[in-house]
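Hi,

Here is the model I promised to pass on. Have a look at it first, and then read on for my notes.

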Amino acid sequence: MDERGLARWSYRWVWVVLSVGALFTAALAIVSGDLAASNERHLLRLRSKEVAAVLTGALPDIETPLGAAVALANLTGADPAKFTRFARNYVGAKDQFVSMSVWRRGDYGGGPVIVAGSPPELPETPGGAAPILRAASHRTAAHNALTVRGLLSATQRRVAYVYAGSDAGRFLVEAEAALPRDTYTRTPPGSAYSNINVAVYIGTRPQPDRLLLRTTHRMPLPGAHATTTIPFGSNHLTVVISARQPLEGRLPEELPWLVAIFGALITAGAAVLTFRLVSGGRRAGALAAENRRLYGEQREIAQSLQHALLPDAAPEIEGLELAAVYDAGAPGVDIGGDWYDMIRLSSRRLLLVVGDVSGRGIRAAAAMATLRSAIQYAAQVDPPEDFLPTLSGLRSLRNEGQIATVLCVMIDLQEQRVDITSAGHLPPLLVHDGHSRYLETEVGLPIGIDTDSQYVTQGFDIPDGASLLAFTDGLIERHGESLDEGLERLRSAGENAPGDLEAMITWILDEVRGSNSVDDTAIAGVKWAKRTNH
Amino acid sequence: MGEADEPLTRHHVTDLGGGSFQIALEGELDLSTADAVRDAVENTINSVTETLVLELSGLRFADSSAIALWVTWSQRVPRVEIRHAQPMILRVIQTMGLSGRLNPR
């Protein structure tokens, strides 16, 4: 072969090696991109199932007050005064429902017998209220007892719930919840849901005219998405989610590009080496471990919605400031079982509840939701020392071997006095005139142990202008520190805190709690105005 | 054996005779380890017909999950006695009104 021929051959080999290298690199980039994408899809599916499961968990929050309302209507023969007083806890512009009404069973033409809140829009739906109420009156089987209908039209944006209770009752109760006007609802900043878009539809298909709410303006949801349908009372909810950012984080998303850049810089030999590094045992093992961690993380994120259901706006009461906060603690950790509640029982009494279910994750969140609902109902009928023992019979606590500490502060709105009952829970802090002290009472057993346990209620007079803070141990607990040290830290912080109740709670949360606190905490506060005449 | 390999919670069961058993707990008992301990001593709990003694001198940390676990044991055996618990753990038991249930000594 002459010299020129040899040269041509050498060039050919170089080209062959480079093309093989390029082909390898391209294939690897596609494969790893594919892996990342299918992982992403898998995670999306998982998240959508969890959001759906949490929405199902919201059912007791609807069924419990409606069940109580039906019982009340039947027992009192639909007494309007008693019903509207009861409904005040649940109906209002910022409450769970905007309307609650009582209907006489079998006689729907004349409209509702009692209306609390704004008038029901159910009669305006095509076909009128009668067919829906009639169907609802037959639905008394346990798992299907709640009738759910979307009232969705150009002029309506509500969800209607109808509850019939037993077959023998004379009345049905219908309640309506308002949806955001253009269905858009902003994900609270810092929420665990801030990296996904969520759209919730009523029914089994994600049709635009059945949209209840969404957390993004771009519809249909952009990009890869996952859909889950779950039963919801007599109806269904369809949840569609998509990622705002890659769920897995940056590295797996950039892996294909890194591979492409890397491969382009070297020859086929190096490309084979890259192949070994990417798909070899160690790398696959690291990816698998990362996936396991992410799956675990996704699970707990769903439970934070349970805490999103805690009352946002406190009931407005003359002469009293009310404020509360739930703080989930360090991100990436399973959610806890702390909660607070403020239940208006009558014109004279408000019940403040703070509680702490043991454990974390979905077990704690589910038990917390059940306990909270049970207390809302029981408090209407009995005082805390009587209903607290019965809560220990709740199956959801017993089945999981959980216990819960609960503090009940019954506020007498006329007498400026509180009655405190504690089931294993820390005492509340009273702050007045630059001094603070704990209102200690005899502590009964935590809930979940003994249905025969005894509880003692003790009363305290409250001075003018004082503030009372009920809290969970997540506020004061520090690893390696005794409980008493933490209590003293809170007590002295209370003496230096700002006067405005919300500012006080925020300040105390920052001051007292460790910045890397893992535990969640709930704080509920009440402040009495200074009276001008005694 | 490096520190990474040592379990966070160690437990040791002793048959005290007459239907009583002792479980000695060492290290730290919290949410992450409570389930494992619970499963590991399940048979022992089932065998107690008199007293379950919890020897806690080696337990330097216990949170509400640990206490909830001891409480569930107290519902399944005639009597639970806690011995030599650190003052911090004792204080939490007292604050939660559980002294009568867990009988710390």
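This is a predicted model: local features need pLDDT of at least 70, side-chain atom pairs count only at pLDDT 80 or more; totals for chains, interfaces and linings use all residues.

Residues are numbered from 1 along each chain as its sequence is written, while chains are lettered from A and ligands numbered from 1 in the order in which they are written.

**Around β5 of chain A**

That bridge belongs to the pairing of β4 (residues 157–163) with β5(A), which is antiparallel and has six bridges. Strands pair here if DSSP finds at least two bridges between them. Strands (E, at least two residues) and helices (H or I, at least four) are DSSP runs, numbered from the N terminus.

Strand β1 (residues 99–104) of chain A also pairs with β5(A), again antiparallel and over six bridges. Across that pairing, A:W103 stands opposite A:L172, and A:V102 faces A:V173.

How many of the eight residues of β5(A) are buried? Six are, so this strand (residues 171–178) is largely enclosed by the rest of the structure. Buried means 20 or more other C-beta atoms within 10 Å of the residue's own, exposed means 12 or fewer, and partly exposed lies in between, with C-beta atoms placed from the backbone.

The whole sheet is open and has five strands in the order β2-β1-β5-β4-β3 (chain A), with antiparallel pairing. At its edges are β2 (114–117) and β3 (146–152) of chain A, each with a single partner strand, so one side of each has no neighbour in the sheet. On average, neighbouring strands of this sheet are turned by 20 degrees against each other, direction ignored. Axes are lines fitted to C-alpha atoms, for helices over the stretch in contact, and angles run from 0 to 180 degrees between N-to-C directions.

Two helices go with this sheet. Helix α4 (residues 129–138) of chain A packs on the sheet and touches β1, β3, β4 and β5 of chain A, with its direction at about 160 degrees to that of β3(A). Helix α3 (residues 80–87) of chain A lies across β1 and β2 of chain A and runs at about 25 degrees to β2(A).

**The other five-stranded sheet**

Another open sheet of five strands in chain A has the order β10-β20-β19-β15-β16, with antiparallel pairing. Its edge strands, β10 (320–327) and β16 (435–438) of chain A, each pair on one side only. Here neighbouring strands are turned by 15 degrees against each other on average, direction ignored.

Within it, β19 (residues 467–471) and β20 (residues 521–528) of chain A run antiparallel and are joined by five bridges; A:F471 has A:I523 as its bridge partner in β20(A). Helix α11 (residues 483–496) of chain A packs on the sheet, touching β15 (429–432) and β16 of chain A, and its direction makes about 150 degrees with that of β16(A). Helix α12 (residues 501–512) of chain A packs there too, touching β10, β19 and β20 of chain A at about 30 degrees to the direction of β10(A).

Chain A has twelve helices and 20 strands, and 41% of its 534 residues count as buried. Of its contacts between residues at least 6 apart in sequence, 69% join residues at least 24 apart. A contact means C-beta atoms, placed from the backbone, within 7 Å.

By that count, 17 residues of chain A are in contact with 16 residues of chain B. On the chain A side, β12 (349–360), β17 (443–444) and α11 each supply at least two residues, and β12(A) gives the most, with three. This side of chain A divides into seven nonpolar, eight polar and two charged residues. Nonpolar covers Ala, Val, Leu, Ile, Met, Phe, Trp, Tyr, Cys and Pro, charged covers Asp, Glu, Lys and Arg, and the others, Gly among them, count as polar.

**Backbone spots to check**

In chain B, β1 (residues 9–17) and β2 (residues 20–29) run antiparallel and are joined by eight bridges, with B:H12 opposite B:A24. Their hairpin has two residues between the strands, and B:G18 takes a positive phi near 65 degrees.

Most residues other than glycine have a negative phi. A:Q416, however, has a positive phi near 55 degrees; A:Q416 sits in the loop between β13 (404–412) and β14 (417–423) of chain A. B:H84 also has a positive phi, near 60 degrees, and lies in the loop between β5 (79–83) and α4 (87–95) of chain B. A:Q416 is partly exposed, with 18 other C-beta atoms within 10 Å, and B:H84 is partly exposed with 15.

Cheers
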